[in-house]
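Good morning, everyone. Please have the structure up on your screens, and follow along as I talk.

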Amino acid sequence: MPAKPTALSYLARVESSELAATASRIAGFKFRKPEFGTAANTSGLRDATFVFSRRLDSRTIFATDARYGALGKLGAWTGADKTATSTCRRILRAAKVPVAEIAKLDVVVEWGRSAKRVSENEFKFREPYVLRKIVRAARAVNGIPVWKSYVSLGLTAGGDVGSLEVHWPELPSAVIKEAGMLQTLVKRGFRPPDVAGARLESLEAGILHSSAIGFYMDVVAAVRAVYIGERPEVGRKPMWYFNRLGEPIVMPRDIATRAPESTAPRAAADAQPS
Amino acid sequence: MRYSTGGVRDYIPNGCGGPDLPATIDEVRGFQAWYSFAGHTRVTTWENGDVWGSDFRDGGDNDPSGGSELPEIYLFAGHGSCQNPPNATSPDFIIVCGNFGTPNTVNVGTQSRWGNGSGNLQFMFVDASCPMDLVSIGNNWFPVFRNLHMATGHSGTSNADALDSPDRGTNLAARTAGLPGILSWLFPQQSVGDAWMDVGTIDIQSGCSAVAIAAGRTEAEAIDRRENERITDNRPDPVPNWFAWKWRTA
């Protein structure tokens, strides 16, 4: 349900200047006649060029310059990694991301390639090329990974912010404490349940939370167990999250889901059961 | 737009090679939740043994009870194939565990054709680990494009695999569906290619790549679709003279 006009007017008056200042400080965006919007657990500003929004229940920010991208007017960064990571560090400070929690800062390269169909079974391939570089930050608290926290930064060819996502939610101290307990249990030989048709590949304690886009902010400590199948050529490895007793945890939510309306099995008109 | 999902958790209980993949069910239901929230129409949402190999093979893919050609958008979550390492002639497989419509293994390059005949499929999202290997993408994925616009998947090996996670499909939906009202810009809507680069790299092992491929009459058109096409663009079907793909490696 949209906010009532009076509430919206009040929120716009209170939040717009703060949003504009935050967008300027973190992303360098200067809005011209911005539109204010708020819905569910978010609020933000946009104009013809920039969008800056944030969640109200988490340290989560989205910032986009519409001119950014490999085909965009301002292009995308393909230059030195060091320049991009330096810019990211500045942004992390501006976004008040605790420096001690930055576990890793690396540059991911996005590649592109194309090919022409010469005939039904013959194709002419062009050489691969770098489309853009993205700086990614990973998070750990007291050496405990926070798997779904990240910063993702794409710069324009000129080095300005083109696309920025910060998803670095505040964590309850009780969850951090429990994650530390789980880490100790893993070191002391925590044994997760067996998975039929697979054997354990890796085990790690950490913190899991809801995604950046979503209507919930659940945070939970867990032991993550990755298994490899007996037939390794079959892809997609099982991954389970367990609590201290080796029981599957309730996974953090993003949006309310529901089971299919019909539970009747699918019938085949002409086929026999396999 | 109309969408379908196929999620296969149960491999061992149904007598197929395992292991089971419990997160696939949360993944397809999360995808459904976002797409329905955005106002798209669900066509079929089969799970486990109700997802059939024939749904992805040319001929069976128009089955009115659940073929992948019925909707414009289809997400498959389940097992795929991972050669170690693949080469240019290695096939890519989607693996189900169906009650009907066997065999359960679908050779994408030789058996899948999307957008041909009365087929509607425009966007095929495969979250099954390796069945979009870069080294064999010409053999396995160029032929499937008839009127298909885009496809997404992973390239990897058994040592650089995707992990069973609900997050890739759920987040792909959140970022591509086009949310209603003000949420359409408060939460960013991305092109299919950009969204998959961001979410396809979630919960995958080092060395595994998220891959997105598009087709077009010209090279420029294929590249433009790869970079910019959104599921809500309502673009016409492409003539697959050219292919453009991109990837990001974890």
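Let's start with the disulfides. Over all chains, the count comes to 2 disulfides. Keep in mind that this is a predicted model.

B:Cys16 pairs with B:Cys97, and their sulfur atoms sit 1.9 Å apart. The link is right-handed, with 90° about the S-S bond. What does this pair tie together? B:Cys16 is in the loop between strand 1 (2–7) and helix 1 (23–37) of chain B. B:Cys97 is in the loop between strand 5 and strand 6 (105–107) of chain B. So the bond joins parts that are 81 residues apart in sequence. Are these two cysteines buried or exposed? B:Cys16 is buried, and B:Cys97 is buried too.

Now the other pair. B:Cys82 and B:Cys130 form a disulfide with 1.8 Å between their sulfur atoms. The torsion about their S-S bond is about 80°, so this disulfide is right-handed. It links distant parts of the chain, 48 residues apart. B:Cys82 lies in the loop between strand 4 (79–81) and strand 5 of chain B. B:Cys130 lies in the loop between strand 7 and helix 3 of chain B. Why do we call B:Cys82 buried? Its relative accessibility is 2%, and buried means under 20%. B:Cys130 counts as buried as well, at 0%.

Number the bonded cysteines of chain B in sequence order, and the pairing reads 1-3, 2-4.

What about B:Cys208? B:Cys208 is in no disulfide. The nearest cysteine sulfur belongs to B:Cys130, and that is 5.8 Å away. B:Cys208 has 0% relative accessibility, so it counts as buried. Over in chain A, A:Cys88 is buried, also at 0%.

Next, the core. The largest nonpolar core has 36 residues. Which of them touch the most other members? They are B:Phe56, B:Phe76, B:Met124, B:Trp141 and B:Ile213. Several elements of chain B each supply at least two residues of this core, including strand 3 (73–77), helix 3 (137–141) and strand 10 (242–249). Strand 9 (209–216) of chain B is another one of them.

Zoom in on B:Ile213. Leave aside its neighbours within four places in sequence. Among its contacts are then B:Met132, B:Ile137, B:Trp141, B:Phe142, B:Phe243 and B:Trp245.

Rolling a probe the size of a water molecule over the atoms shows where empty space is left. The largest pocket holds about 1,100 Å³ of space. It is lined by 40 residues, and the closest to its centre are A:Arg136, A:Ala138, A:Trp147, B:Thr201 and B:Asp203. Which element gives the largest share of that lining? Strand 8 (residues 144–155) of chain A does, with 7 residues. By class, the lining has 16 nonpolar, 11 polar and 13 charged residues.

The second largest pocket holds about 820 Å³. Of its 35 lining residues, A:Thr64, B:Gln189, B:Gln190, B:Asp194 and B:Arg230 are the closest to its centre. The largest share here is 4 residues, from strand 4 of chain A. This lining has 13 nonpolar, 12 polar and 10 charged residues.

That's my tour. Over to you.

Technical notes: Residues numbered from 1 in each chain as written. Chains lettered and ligands numbered in written order. Predicted model: local features only at pLDDT ≥ 70, side-chain atom pairs only at ≥ 80, totals over all residues. Heavy atoms only, no water. Core = buried A, V, L, I, M, F, W, Y, C linked by side-chain atoms within 4.5 Å. Buried < 20%, exposed > 50% of the residue type's maximum accessible area, 1.4 Å probe, protein only. Contact = heavy atoms within 4.5 Å. Disulfide = S-S within 2.5 Å. 1 Å grid on protein atoms, 1.4 Å probe; cavity = no way out; pocket = protein on both sides within 12 Å on 5 of 7 lines; lining within 4 Å. Points joined across faces, edges and corners; volume = space filled by probe spheres on them. Nonpolar A, V, L, I, M, F, W, Y, C, P; charged D, E, K, R; others polar.
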